[in-house]
Amino acid sequence: MSVPPLVEVSDLVKHFPIRKGVLGRTQGHVRAVDGVSLDIRRGETVALVGESGCGKSTTARLILRLLEPTAGRVIFDGQDTLALDRTGLMRFRRRAQIIFQDPFGSLNPRMTVGAVLREALHVHGIARGEAAARCVAELLDAVGLHADDAGRYPHEFSGGQRQRVGIARALAVEPEFIVADEPVSALDVSVQAQVLNLLADLQQRFRLTYLFITHDLSVVRHLADRVAVMYLGRLVELGDSDSVFGDPLHPYTRALLSAVPVLESEGRGQRIVLSGDVGHAASAPPGCPFHPRCPHPEKDETCRAVVPVLEERGGGAQAACHRI
Amino acid sequence: MSGPILQVENLRTYFHTADGLVRAVDGVSFNLGRGETLGIVGESGCGKSITCLSILRLVDPPGRIEPDSTIRLGDRELTRLSEAAMREVRGNAISMIFQEPMTSLNPVWTIGGQIAEAVRLHRGVGRAEGRERAAEMLGLVGLANPQRRLDDYPHELSGGMRQRAMIAMALACDPDVLLADEPTTALDVTIQAEILDLLCELQERLGMAMIFVSHDLGVVAQIADRVIVMYAGQVLEEGATEGIFSRPRHPYTEGLLRSTPKLTAKLPRLATIAGSVPSPKRWPAGCRFHPRCPHAWDRCREDVPPLLAVDQPSRCWLEEEPQRRTRRGEAGG
Amino acid sequence: MSASGGNGSRKRLSAAALLPGLPQLLRGQRRAGLSLVALALSMLAVLVFGFDRVLATFTVGRIDYWVAFLTLLAGLAAAWWLGVSWGRGSSEDSAAGASQWAIAWREFEKNRPAMLGLYLMVALYLVTLLAPYLTSYEPSVIVDDIMRVRHLAPSQDHLMGTDKYGRDVYTRILYGARISLSIGFIAVGISIALGTLVGAVSGYFGGVVDAVLMRFVDTLISFPRLVLLITVIALFQPSILVVVVVLGLTLWPSTARIVRGEVLSLREREFIEAARALGLGSPRIILRHIIPNVLGPVIVAATLGLGNIILIEAGLSFLGLSAPPPTPSWGNIITDGREYLVEAWWVSTFPGLAIVFTVVSFNLIGDGLRDALDPRLRV
């Protein structure tokens with residue numbers, strides 16, 4: 001336990017201004033991410049789960065410094081990523097990569113797959129010429145494509161194959177840490193399983209650390225070591241995969257789990273139906289962000305007024321709720 | 001009460017494109033009983049959505065419903081109706097809800113106006129009556145304060161509320177058949193659960209029949225009475241939901257079920273189906289699933305299997321030669 | 001196997017040496033074959049029928065003669081080289097590794113009007129470059145005995161008649177084409193280069209940069225172009241250079257707007273974010289990832305703009321604001337004939353037709369490109 005985590009996120013905040021009118025005056029803020037703290041240990045897979053608009057993708061981009069946070073810190077392997085200079089940032093980019101959701105939008109349609117991969121190799125001075133060609137072949141092989149595919153364009157591949165190309169691009173710079181932003185959400189079920197298995201294999205082979213972002217809990221059940229559940233910009237529960245799936249603490253996590261459609265009729269508890277819609281981060285309620293939809297029988301004034309903090313609840317699980 | 005409300009027989013919808021013939025739906029047959037929910041599952045490009053659009057005859061050129069296809073609604077043959085008569089059917093006897101509620105509602109009209117328009121068109125009622133019906137429907141689908149919601153524009157509603165409004169519009173004329181094409185795919189899980197509950201409840205209350213199209217096996221398992229599994233423009237397996245999900249006969253159904261991640265069991269690896277969905281321009285010869293099938297032998301590459309067996313028909317030669325089932329298939333790749 | 005292959009290629013070589021396009025025709029590639037045959041035959045015809053004029057290149061030593069000479073050489077070389085190499089790779093394997101440009105070309109090829117426009121345009125530019133070899137008259141030389149050669153009707157000697165100074169109208173149109181077409185090309189070139197750059201920068205960076213650039217663009221667009229042109233040209237001496245520069249500088253804002261719109265939607269695409277995550281710098285992202293993806297609409301706008309510019313230039317010449325006489329341009333040839341429309345209809349009619357054909361062919365190409373590059377048509 002003395003080994004420091006690879007990524008330490010503390011009190012990360014991102015507010016997007018809402019501008020209105022001709023002059024673009026700021027009319028308020030969307031609190032997309034509102035104080036997220038999270039450690040990711042080397043070699044583990046952390047799943048960041050939540051519904052649309054909860055800020056999970058924004059969190060990922062803040063961690064990779066594709067967006068500048070409003071407040072908070074991200075320490076990557078002992079270094080503050082916000083304090084990095086140009087060369088430091090380039091080195092960081094080589095160590096931390098991202099895989100995207102949309103296999104159609106994530107590849108430049110005018111570049112061959114080979115060119116996409118060579119560019120990644122070239123920018124970081126990893127390989128050129130002959131060596132680059134060999135690297136490209138190895139990468140394609142690693143993600144289950146053929147070396148000849150380097151000459152083909154993205155539109156000639158199926159969705160699953162494109163996703164493999166996106167993975168190869170992320171692997172090209174030999175990263176330690178990969179953010180996978182909904183990597184299988186756009187894929188067919190039968191292909192989804194292939195890509196999930198590939199990600200698991202690559203993790204073993206290259207000793208990767210994953211932050212796996214998804215709205216689909218069943219996808220991360222067998223992949224994640226730990227699960228973080230997000231709601232309206234905040235973490236509401238964080239714990240080992242087994243404890244979150246087996247004994248969820250937060251009412252939201254419970255509702256989320258019960259809402260996942262499952263094949264087996266047995267083994268599912270009573271479904272908790274939430275009333276109302278997922279709130280919007282622009283008008284997050286005071287107090288617990290979940291309180292307007294919370295089905296907990298004992299919710300009270302405290303819930304409506306005081307923001308609960310993420311606290312240790314025993315068994316390695318943390319939850320942000322006044323009523324546990 | 002007796003006999004199916006909708007009978008589809010040998011439905012073939014082909015797209016005659018410049019690059020060749022695309023056999024998007026290729027000989028699909030099924031019956032839909034009164035008050036029944038039929039689930040159609042399949043992956044992208046399998047023809048499930050085109051099947052729905054074909055029933056409403058909403059397939060645009062170069063797509064065409066080929067001759068000999070029959071779609072019977074009660075005693076009417078839809079493929080032979082005039083366009084005007086077909087307009088009477090759409091939104092009235094059969095209505096449809098789509099995946100993306102934002103794009104299927106007209107953004108420049110109020111919700112109430114759009115529902116009232118459908119009612120006035122098909123029922124020939126006046127403005128006030130149409131409005132009244134619209135408010136009634138919005139209340140029925142569980143929108144709070146329906147009178148006020150009437151004058152809202154689609155962008156003023158959240159995703160879940162928009163899908164409710166879509167459903168209200170589809171049900172406004174008491175359809176006999178509701179076609180739901182991936183109605184919950186664009187929604188969050190918790191919202192999806194609400195909409196599914198709503199659909200179940202409304203169906204029970206209104207007694208309509210429903211075709212529910214989805215790629216998500218879990219959703220279909222939850223809502224359907226009977227399921228057909230489509231692949232490459234054909235029906236591969238058909239049966240009661242319980243049977244399909246607990247005793248799948250076709251290797252494709254089996255593979256789909258096994259590769260679906262589960263909440264309950266933590267597995268080291270997921271089972272997969274090799275390869276990817278074929279392009280509709282070039283369906284494989286013989287059994288269309290054979291390039292991805294772990295059991296395939298010569299016969300599968302050459303002869304097209306019919307839907308075999310009676311209670312849970314499966315389009316697979318294994319029905320005739322079950323001894324050909326290989327271990328590889330059991331292991332799941 | 002190898003023997004028969006060698007045999008086949010030798011046969012093809014000899015067929016190609018005889019006449020470029022022949023092997024393509026024999027293989028059934030009609031379009032490629034016919035265009036090669038046409039190219040080779042027309043080049044040979046120029047060489048044979050204008051042989052003394054080709055020779056004159058070495059004695060006259062004027063630059064346009066040298067341009068014509070190089071064009072002729074290049075045309076002949078291209079015909080024979082393409083005759084050997086074109087379509088040697090079989091056309092069947094074209095499905096694999098086809099870039100979006102290749103797909104667009106396949107789409108474009110199917111469009112008959114657009115291909116007609118393309119052929120017309122190629123012919124037009126060849127004629128323009130070869131002008132000195134295609135006529136035995138000089139465009140601007142006035143002979144002493146004007147009255148005898150004035151307003152001659154079209155005949156064997158003067159294909160399109162003569163004007164009020166006895167100059168051959170056909171020759172003047174040939175030379176005038178150079179001005180009309182090159183003005184179009186250069187002005188569009190300037191406007192595309194500037195417009196793409198400004199649009200891409202504005203769209204990619206957004207914020208203040210975008211606001212400032214776009215307000216500037218709005219200001220420029222809101223000026224009535226013709227008034228601006230007339231004012232600027234009135235300030236300087238009317239000359240081709242001024243017209244080109246002014247046209248180029250007034251046309252780029254619309255290109256910039258098109259590009260900015262495209263970039264705004266492109267910037268949200270994940271491959272741009274992936275490029276940033278890989279640590280690529282902004283210049284590289286703009287050049288490698290953004291600009292290639294906005295070229296489609298830009299090319300369409302450019303082709304349609306070419307026709308437009310030719311029309312504007314003709315209008316300016318007609319008003320006497322472009323190339324000063326005696327330099328021929330299509331617009332001022334029409335002006336020359338205006339007063340004599342009844343007695344000598346040919347003076348204004350033929351340059352008018354030239355303008356019509358040119359503009360129509362550019363518009364056909366533009367429409368064809370728009371269809372071919374439209375991503376919605378592709379699945």
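Modeller: Gladly. A definition to begin with: helices (H or I, at least four residues) and strands (E, at least two) are DSSP runs, numbered from the N terminus. Please keep in mind that this is a predicted model.

Biologist: Then where is A:Asp77 found?

Modeller: Phi of A:Asp77 is near 50°, a positive value in a residue other than glycine. Most residues other than glycine have a negative phi. As for its place, A:Asp77 sits in the chain A loop between strand 4 (71-76) and strand 5 (79-80).

Biologist: Which two residues does the cis peptide bond join?

Modeller: Most peptide bonds are trans. Here, omega is about 10° for a cis bond in chain B. The bond joins B:Pro61 and B:Pro62.

Biologist: On to the interfaces. How much area do chain B and chain A bury between them?

Modeller: The contact involves 43 residues of chain B and 41 residues of chain A. Of the buried area, 55% is on carbon and sulfur atoms. The total for chain B and chain A is about 3,400 Å².

Biologist: Which element of chain B gives the most to the side that touches chain A?

Modeller: Between chain B and chain A there are nine residue pairs in polar contact, both residues at pLDDT 80 or more. Four elements of chain B give two or more residues to this side: helix 7 (159-171), helix 8 (189-206), helix 9 (217-223) and helix 11 (251-259). With seven residues, the top contributor is helix 8 of chain B.

Biologist: And how many salt bridges are counted between chain B and chain A?

Modeller: By class, the side of chain B that touches chain A has 20 nonpolar, 14 polar and nine charged residues. Charged residues are therefore present on that side, but a salt bridge needs a Lys or Arg side-chain nitrogen within 4 Å of an Asp or Glu carboxyl oxygen. The count between chain B and chain A is zero.

Biologist: What is the count of salt bridges between chain C and chain A?

Modeller: Here 23 residues of chain C are in contact with 31 residues of chain A, and the two chains bury about 2,400 Å². One salt bridge pairs the side chains of C:Arg284 and A:Glu119, at 3.3 Å from N to O. The count between chain C and chain A is three.

Biologist: Which helix of chain C gives the most to the side that touches chain A?

Modeller: There are 14 residue pairs in polar contact between chain C and chain A, both residues at pLDDT 80 or more. At least two residues each come from helix 6 (100-109), helix 13 (270-277) and helix 14 (282-318) of chain C. The one that gives the most, with six residues, is helix 13 of chain C.

Biologist: Which helix of chain C provides the largest share of the nonpolar patch?

Modeller: C:Phe51, C:Leu55, C:Phe58 and C:Trp66 make a nonpolar surface patch of about 410 Å². C:Trp66 is in helix 5 (residues 63-85) of chain C. The largest share, three residues, comes from helix 4 (residues 51-60) of chain C.

Biologist: Last one: how many residues apart in sequence are the parts that A:Glu51 and A:Arg293 tie together?

Modeller: These two form a salt bridge, with the closest N and O atoms of A:Glu51 and A:Arg293 3.8 Å apart. A:Glu51 lies in the loop between strand 3 (45-49) and helix 1 (56-63) of chain A, and A:Arg293 in the loop between helix 9 (251-259) and helix 10 (301-305) of chain A, so the pair ties together parts separated in sequence by 242 residues.

Notes:
Residues are numbered from 1 along each chain as its sequence is written. Chains are lettered from A and ligands numbered from 1 in the order in which they are written. This is a predicted model: local features need pLDDT of at least 70, side-chain atom pairs count only at pLDDT 80 or more; totals for chains, interfaces and linings use all residues. Side-chain values use heavy atoms; hydrogens and water are left out. Contact means heavy atoms within 4.5 Å. Buried area is the accessible area (1.4 Å probe) that two parts lose on being put together, summed over both. A polar contact is a pair of N or O atoms within 3.5 Å; within protein, one must be able to donate a hydrogen and the other to accept it, and residues adjacent in sequence count only if both atoms are side-chain atoms. Ala, Val, Leu, Ile, Met, Phe, Trp, Tyr, Cys and Pro count as nonpolar, Asp, Glu, Lys and Arg as charged, and the others, Gly among them, as polar. Patches are made of residues with over 30% relative accessible area and no salt bridge: like charges are joined within 9 Å, nonpolar side chains (Val, Leu, Ile, Met, Phe, Trp, Tyr) within 5 Å. Accessible areas come from the Shrake-Rupley method with a 1.4 Å probe; for residues, only the protein chains shown count as cover.
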